[in-house]
Every structure is written in C-alpha cells, then in structure tokens.
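Hi,

Here is the model I promised to pass on. Have a look, and my notes follow below.

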Amino acid sequence: MQGDRGPLPGPAARWSAVFDAPSTPSSLVPSARRALLDNEPFERGRPDDVLDFPHVDDVAGTLAALVASPVTGDVNIASGRPVSVGELCGRIAAKVGRPKLNTYRAGNDDRSVVTAATSRLFDEVGWRLTLSLDEGIDATIDWWFRDQVVSGAQKGMEPGTKRREGVT
C-alpha cells in the first residue's frame, strides 16, 4: 500500500460486510432485524450474492492481533467462511421467529461473489475468528433485545422464547 510519502510501515487491514448490533441502520443485518421484528416482510433482491460476514467483535480482535504482529502490507480481515445473503437473512428470520417474512423481490438475476483471501491473516498473523456466523447473529439479536432497540410492538417479546420459534 502506498501513501503520499511511499509505502506505509506496518499492516494495512481490509474488511467489508462487518456486522454487529449498532451497525448503520441501512446495512443488511440491521435492515433485516428491523423489518422482521416489526413483523414486516424483509424483501431483498439477489439472495444468491455471496459475501464474508465477520462479526465486529472478531474484527476488533483481529485488528489487535494484527497490530501486535510483525506482518506488513495488506491483510484481509474475514471469517474465511463466505455465505449467501439469502442464507444469512434466513438464519436471522428463523432466530427471531419470523421465517415466512424473509422474502425476495424479482429483479437482477446476476450473482455476485465477494470473498477474501485469508491466508495472510490465518498463517502469518496466526489469528482465527472466535465467533461462528450463528454465534455472531445470536450476539447481535441478544444485544437488540437487551438494549431494547426493537420497535414498541416488539419490546414485550421474550428474548429466550418467541424469537427462537421454529429454530431447531
């Protein structure tokens, strides 16, 4: 990576599709949560798009490990376990007890696959993400309930029961 004065010393972290509870409201996971917990359909196109969705807690841990390591240059921060947008939203819908509200709208059939090479992160930095996708989703949903980010109609929903209906 080049700066105005030449190569930057140390590592340069690169990530995308990070999710957590207080994410930007228009991003995928908060949009799905808001619609599903408000008992409204969550419509989206391109459910077959594939991305890597690391949880913010793992990204923070990765950044700490990266700064403490001797690694220089670009390092991708990702789980190494890409998943389709449709699968991610389906898991969220099931976990909040609203699987039938997870819908798709007609539109562009092109599929986009954006994954990250994680060999430098795993082999050179020696980092492994600590949360599975489901653990990250659970932590995010628990935060939403704990901090009552849900709408007025859903504030009475029991975090350990109704949101788990239909989950095996």
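How do the residues of the lining of the largest cavity divide into nonpolar, polar and charged? They split into six nonpolar, four polar and two charged, where Ala, Val, Leu, Ile, Met, Phe, Trp, Tyr, Cys and Pro count as nonpolar, Asp, Glu, Lys and Arg as charged, and the others, Gly among them, as polar. The lining residues include Phe-19, Phe-53, Asp-58, Arg-81 and Gly-136. A cavity here is a set of points on a 1 Å grid over the protein atoms alone where a 1.4 Å probe fits but cannot get out, and lining residues have an atom within 4 Å of a point. The count comes to one cavity of 30 Å³ or more, and about 80 Å³ of space lies in the largest cavity. Grid points are joined across faces, edges and corners, and the volume is the space filled by probe spheres set on the points.

Before the rest, the ground rules. This is a predicted model, so local features need pLDDT of at least 70 and side-chain atom pairs count only at pLDDT 80 or more, while totals for chains, interfaces and linings use all residues. Residues are numbered from 1 along each chain as its sequence is written, and side-chain values use heavy atoms, with hydrogens and water left out.

On confidence: pLDDT is the predictor's confidence in each residue, from 0 to 100. The protein chain averages 76, with 74% of the residues at 70 or above. Watch residues 149-168, where pLDDT stays under 50. For that stretch the model has 39 contacts beyond four places in sequence (contact means heavy atoms within 4.5 Å).

The fold has five helices and eight strands, in the order β-β-β-α-β-β-α-β-β-α-β-α-α from the N terminus. Those are DSSP runs numbered from the N terminus: helices are H or I of at least four residues, strands E of at least two. Of the 168 residues, 39% count as buried, meaning under 20% relative accessible area, with exposed over 50% and partly exposed in between (1.4 Å probe, protein chains only).

Helix H3 is the part I'd look at next. Its buried residues include Val-85, Leu-88, Cys-89 and Ile-92, and the buried residues of H3 pack against helix H1, strands S4, S5, S7 and S8, and H5. Just after H3, Gly-97 has a positive phi of about 75 degrees.

Arg-91 and Glu-87 pair up at 2.4 Å, N to O. They sit four residues apart in H3, about one helical turn. Arg-91 is partly exposed at 26%, and Glu-87 is partly exposed at 36%.

Lys-95 has a salt bridge to Asp-134 at 3.7 Å, N to O. That pair links distant parts of the chain, Lys-95 in H3 and Asp-134 in H5, 39 residues apart. Lys-95 is buried at 9%, whereas Asp-134 is partly exposed at 28%. Lys-95 also bridges to Asp-138, with the closest N and O atoms 2.9 Å apart. Because Lys-95 lies in H3 and Asp-138 in H5, the pair ties together parts that are 43 residues apart in sequence. Both Lys-95 and Asp-138 are buried. Through shared partners, salt bridges join Glu-87, Arg-91, Lys-95, Asp-134 and Asp-138 into one network.

Cheers

Key: A salt bridge is a side-chain nitrogen of Lys or Arg within 4 Å of a carboxyl oxygen of Asp or Glu. On a 1 Å grid over the protein atoms alone, a cavity is a set of points where a 1.4 Å probe fits but cannot get out, and a pocket is an open set with protein on both sides within 12 Å along at least five of seven lines; lining residues have an atom within 4 Å of a point.
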